[in-house]
2 protein chains.
Amino acid sequence: MAQRSYAVVGLGAVGGFYGAELAAAGHPVHFIARSDHDHVQRCGLRVDSPTGDVVIDRVSVHRDASSVPAVDVVIVAVKTTDTSGVLPLVEALAAEGATVVAMQNGLGVEEALATVAPRSTVLGAMCFLCSNKVGPGHIRHLDYGRVTVGEHRRDGGGRGASLVGTAEVEALVEDLRRAGLEAEALYDLVAGRWRKLVWNIPYNGLSVVLDAGTDELMAHPGSRRLVAALMHEVLDGAAACGRQIDPAFVAKMLADTEAMTPYATSMKLDFDAGRPLELDAIYAAPLSAAAQAGCRLPRIEALHDQLRFLDARNRR
Amino acid sequence: MAQRSYAVVGLGAVGGFYGAELAAAGHPVHFIARSDHDHVQRCGLRVDSPTGDVVIDRVSVHRDASSVPAVDVVIVAVKTTDTSGVLPLVEALAAEGATVVAMQNGLGVEEALATVAPRSTVLGAMCFLCSNKVGPGHIRHLDYGRVTVGEHRRDGGGRGASLVGTAEVEALVEDLRRAGLEAEALYDLVAGRWRKLVWNIPYNGLSVVLDAGTDELMAHPGSRRLVAALMHEVLDGAAACGRQIDPAFVAKMLADTEAMTPYATSMKLDFDAGRPLELDAIYAAPLSAAAQAGCRLPRIEALHDQLRFLDARNRR
């Protein structure tokens, strides 16, 4: 049986890493990249990793969709702040009904993709990955790499509804596992996205507002208390949207983070590089979903307002 | 009738200004100062002011209470973070029953003074003053200067209770007015302190966390919304403690601040100078009073936690 073919939109720390791993496992992988296009075409793609470096000398890299052959799966691995810019590309790549995967942070990020890919099954994938892009076509993988995958339901998923794992979810999980990665099927994508927000909402935002690493945030009782309070508000929002998360999960996230190597969050890296912050996907969307369910999350609102101020000033 | 005599503890932007104005109006004023003592003894005290400069060549300045004659009024004008260090001084100065005035920011700042001055009437005074200390014995008055004065009730004031203006309150107001200052008697000191917190809680804290002036905070919709939300939480806390503040007061504070000359808050000046922040008086005390009345103020809690983190790092 032929290996399933992939198009990867975005050649950053996420798309570069997973695309290279899938290519190394024998999948036809076509990258769509702008700024890196010429360099990657000339010099290839390189992932330095403690689990084994991957070097791909001849990369199928494209500026737009017109030269990409039909693929089975389209992975969208751009920052959510760039999603609107790649929608025409996704629409073209998915025209024949390819599975579309939002490999992005935040809540509700599948919706825009589902709109331009009406014939496709749309999946959401969350990456628990520490990696940086250190240069054109050059990714440094530091740690982790697990992916969880669930199917986006066009009806919104319903409150508390569970999904049976679909064939498309299982196929992607299988491809990732054969490429040597940890992967897991989610039976409720929305619940999985809320669980990931339990970490992302406090640490991404506070690392920017307080200009601090995860270790510093855990070391001071004030910031640590605020991290925990923000996590509990995420649980309140999830519960209002019909997704119960065990409060013990908060204690686990705090303990896991304390055990982690000090880590600059992706939002802090974006901020320091003057890039726009993923505020809509990580803050506005969950606040709006909770508000629609009648639940206000005041500490998260306050943090979101602070981040909007800092993001605007940072890009002026 | 002899003019009432004053001791002023603290020769900063507040104590230096009001002490000099009272001295210029003919009151015997004795300053207790540490770092500035020698300079002021040699060179005097100077207030540059748009309303008229004040220069006092021969200042009665003291290192401790032992050389200060008995006075009618003791004004405590140190930062609340320094209160505990001056309590023995206040105890000695008030031993004969002098009126003690907490000319300080925050809630409940009179309590420690009342404890060491059991025979005294204790007043709280709030200063709406823009002034900076620009050098030893040298104050620059920029704008405003109004003082509101109320009596501290040792029984805690009761929820919603009103006080009749007492003789001591009226006497201080009269002295300040004769010195050319705006002054007003408060019938409920606690209500007045909550009203002042409506401004202090958002602007002091956010100016530090977001490294921003009042004009920047008002100019961006995110920070402006957060300022307003914090103000409404102060109203919630005040109401829980029996002090209703009209919601129109929030709109007035926002409009007044927009009309103000851009202003670095006192907390921002303290932070930039590496001095401890007045977090207990301005944040912890109102949070605690509200919590005792069954009311949580989540955005203020979050801001307080952020400030605790930044204050600790700033002084490391």
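Q: Which residue of chain B forms a salt bridge with A:Arg225, and how far apart are the closest N and O atoms?
A: In this predicted model, the partner is B:Asp305. The closest N and O atoms of A:Arg225 and B:Asp305 are 2.8 Å apart. The rule asks for a Lys or Arg side-chain nitrogen within 4 Å of an Asp or Glu carboxyl oxygen, so the pair counts.

Q: How many salt bridges and polar contacts are there between chain A and chain B?
A: Six salt bridges are counted between chain A and chain B. Residue pairs in polar contact number 13, with both residues at pLDDT 80 or more.

Q: Which elements of chain A give two or more residues to the side that touches chain B?
A: There are four entries to find: helix 6 (189-209), helix 7 (214-219), helix 8 (221-240) and helix 12 (298-314) of chain A. Helix 12 of chain A gives the most, with twelve residues. By class, the side of chain A that touches chain B has 13 nonpolar, four polar and ten charged residues.

Q: How many residues does each chain bring to the contact, and what area is buried?
A: Chain A brings 27 residues and chain B brings 27 residues. About 2300 Å² is buried between the two chains. Carbon and sulfur atoms give 55% of that area.

Q: How do I look for empty space inside?
A: Rolling a probe the size of a water molecule over the atoms shows where empty space is left. Here, a search of the whole structure finds one cavity of 30 Å³ or more. The largest cavity holds about 70 Å³ of space.

Q: Which residues lie closest to the centre of the largest cavity?
A: Of 14 lining residues, the closest to the centre are A:Ala302, A:Leu303, A:Gln306, B:Ala302 and B:Gln306. Helix 8 and helix 12 of chain A, with helix 8 (221-240) and helix 12 (298-314) of chain B, each give two or more residues to the lining. The lining has ten nonpolar, two polar and two charged residues.

Notes. Residues numbered from 1 in each chain as written. Chains lettered and ligands numbered in written order. Heavy atoms only, no water. Contact = heavy atoms within 4.5 Å. Buried area = accessible area lost by both parts, 1.4 Å probe. Polar contact = N/O pair within 3.5 Å; in protein donor to acceptor, adjacent residues only side chain to side chain. Nonpolar A, V, L, I, M, F, W, Y, C, P; charged D, E, K, R; others polar. 1 Å grid on protein atoms, 1.4 Å probe; cavity = no way out; pocket = protein on both sides within 12 Å on 5 of 7 lines; lining within 4 Å. Points joined across faces, edges and corners; volume = space filled by probe spheres on them.
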